[in-house]
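Here is a walk through one structure, with charged side chains as the guide. Have the sequence and the 3D view open side by side.

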Amino acid sequence: MSVNASWYLTLAAVLFTIGAVGLLVRRNVLVMFMCVELMLNAANLTFVTFARTLNDIGGQSEVFFVLVVAAAEVVVGLGIIVAIFRRRVGATADDIHNLKG
Amino acid sequence: MLRAAFLIPLFPFLGFLVLVPFGRRLGNPLAGWLATIMVACSFLTTIVVFAGLFRLAPDHRLYVQTWYSWISVDRFRVNADLLIDPLSMTMAAFVTGVSALIHLYSIGYMEHDEQFAKFFLYMNLFVSSMLILVLSGNFLLTFLGWEGVGVCSYFLISFWFSRPSAASAGKKAMIYNRIGDAGFLVAMFLIFERTGSLEYQTVFARLSHVGTPSLTAIALLLFLGAVGKSAQLPLYPWLADAMEGPTPVSALIHAATMVTAGVYLMCRINPILFRAPDAAHVIAIVGAATALLGATIACAQDDIKKILAYSTISQLGYMFLAAGIGAYTAAIFLMLTHAFYKALLFLGAGSVIHAMNDEQDTKRFGALRRAMPITAVTFLIGWLAIGGVPVLAGFWSKGDVLMNAWKNNSGLYIVGAVTAVLTAYYLGRAYMLTFTGQQRWVEARQSGGPQLHPHDPRWVMSVPLVVLAGLSVVAGLINLPFSHWDLLARWLTPVVGAHMFHPHFTTAQQWYFALADLLFAALGVAVAVSLWRGTAERPAAEPTVLRRAWYIDWAYDRLLARGSTELAEVTALDVETRTIDGAVNGVGALFRSSARVLRKVQTGYVRNYALGLMAGLVLVLAYVVSRTV
């Protein structure tokens, strides 16, 4: 049974939804961070799928940019998380609301 | 020799430039000597240029020295140029001469002042501006000098600015002059619009293309400028207050030179006045009215400088009377002689004030003749000269004006004659109160004040007194009313001759006029001596209405100053705080209150922001999908 493009797209949609819901419902910063990664990779998967389907290398090369940016973002984000861990116990996002208006 | 003309205003300006950074270091008296020498150099240069001009044939006595193109915008071209002609050189000669003497006097007068160098810095700047005013070849450069002398006058009136009266007197002079200067400015606009030039020579050559109404407007607007600068009705009260300045300033700026700038301007524009007889008539009437008004007020003042100030206003009125009837030579002649004897009287008053420890009230002087013989004698000469006693300078110059006035309009003559009697009277009163009678200063000072030992000032102050007294005696020689002796009239002919009022008198008539002048002078002197010999209290001769200067200053204060102050208060409260500030504060309050609501959006919870992002994403997606379906 050949796996056609719609499977990949469905998988990507499922991954994206898991990531989005996870981001919204979890309170742990580290987990929220992983959810963001999940969403990014869901987007990557759609890029690759369409690159295969449309026979266009553009989608695959776009993925490299996303990976690079994601890696950079991980560096900054993890740095912030480490800084937070140093100052307080635990990393519950709701405890960090100093910018409340 | 004419080429040296640019040095005339440059020397005092150099003095100014040196004194600005180094004045304090040069100190007392070196700064004063530097300033004096600069003005003296200017005087010597003037003599050289004067001689150069004199050697030319009368019709060729005109030399324009162009420094550079000052403003050049399309058709509007103004050069920085000097106009060397008999009129400007006559002015320059007496301005520099009298200035040099008064600078010398100031070295003595200001010797105890802490701001010695600053005083001379302003004085030098003043002389430079005055010379630019006089020598300029166009209206705009004249205006530059005009404003320059105005600002120096302001600085020097307010020289002792820690005294509130001096500070407000300076402001008063500035504000009154602004009114006049507005007239001068509008006149320049009109001149340029009608003739396309501001150069005197070009403007005068093109006058035949300009209609009489325009010329009348131009003449009256320029006269408005002159009224402000020369303290004529209705803009005269500032000059009386200007006496708050140091006495040498009063002598130089508010008697001898700056205030005569208006008369000079009227003589300079004689071709315009010739074509605008109505304007000339207004000038003569205003001049006559001011002459009489100033003289009446001077009769009842106690402050010696106030007497001289109102006398100056009166004499300036006399000059405008002469200029208005077209007797330009008489106006310049009176201006010259007046510069000598009025500067003399002011400097004499300064010596007395100095000796009396800054007291200015004539009622507290008395019997100073023995203690201060040089001052007394020179003041006496000044009084007799201004009073028109033969054969002193004032006799000839005032007689010249009166004779011309008679031929023009007998009403003007009568006003002039009454003024002449009053002039001899009020200065006689000042002399008698100051130098004769009881030693009233002894009793005034016995109540705790310092003991006074009045004496004549040192040589730097007495030399100018003696020189000016000498000039007040002999200055009449430059324009005697005999054929071949009217030197000034013939000298000025190339400038004013074509548009002058030329009355003819027989020798007998001239003798009658001379006799009448003698009578006026004798009457004034006799009344003054008989009324004020041995007494200082004659309330009947000093009616309150005259002591209060006809209540004119009071009326201005009530009608104009109070009204504008109240208007300013209303606008400060209602317009400024309520309307303008209200609008500004209202905008601020609006943003404050809206922000108070909107800030609730910033909860500080990451999940809320994430939800917002998601919602936005959904909205964008929904929009895209709805478009494609």
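The text below takes confidence first, then salt bridges, then a charged surface patch.

This is a predicted model: local features need pLDDT of at least 70, side-chain atom pairs count only at pLDDT 80 or more, and totals for chains, interfaces and linings use all residues. Residues are numbered from 1 along each chain as its sequence is written, chains are lettered from A and ligands numbered from 1 in the order in which they are written, and side-chain values use heavy atoms, leaving out hydrogens and water.

Start with confidence. Chain A has a mean pLDDT of 88, with 98% of its residues at 70 or more. Chain B averages 90, and 99% of its residues score at least 70. Within chain A, helix H1 (residues 5–25) has the highest mean pLDDT of the elements, 92. Helix H3 (residues 57–87) of chain A has the lowest, 90. Helices here are DSSP runs (H or I, at least four residues) and strands are too (E, at least two), numbered from the N terminus. The model as a whole scores ipTM 0.82 and pTM 0.80.

Now the charges. Side chains of opposite charge can pair when their charged atoms come close. A salt bridge here is a side-chain nitrogen of Lys or Arg within 4 Å of a carboxyl oxygen of Asp or Glu. Over all chains, the count is 18 salt bridges.

Which residue does Asp85(B) pair with? Its partner is Arg268(B), with the closest N and O atoms 2.8 Å apart. This pair links distant parts of the chain, 183 residues apart. Asp85(B) lies in the loop between strand S2 (76–84) and helix H2 (86–109) of chain B, and Arg268(B) in helix H10 (residues 261–268) of chain B. Buried means under 20% relative accessible area, exposed over 50%, partly exposed in between (1.4 Å probe, protein chains only). Asp85(B) counts as buried because its relative accessibility is 2%. Arg268(B) is buried too, at 3%.

Arg490(B) and Asp486(B) also form a salt bridge (3.5 Å, N to O). Arg490(B) is partly exposed at 44%, and so is Asp486(B) at 24%. A network of salt bridges links Asp302(B), Lys363(B), Arg429(B), Glu542(B) and Arg547(B).

Lys100(A), Arg592(B), Arg596(B), Arg599(B) and Lys600(B) form a positive surface patch. Patch residues have over 30% relative accessible area and no salt bridge; like charges are joined within 9 Å, nonpolar side chains (Val, Leu, Ile, Met, Phe, Trp, Tyr) within 5 Å. Arg592(B) sits in helix H23 (residues 552–598) of chain B. At 60% relative accessible area, Arg592(B) is exposed.

Technical notes:
pLDDT is the predictor's confidence in each residue, from 0 to 100. Accessible areas come from the Shrake-Rupley method with a 1.4 Å probe; for residues, only the protein chains shown count as cover. Lys and Arg count as positive and Asp and Glu as negative; His and the chain ends are not counted. The place of a charge is taken as NZ of Lys, CZ of Arg, CG of Asp or CD of Glu.
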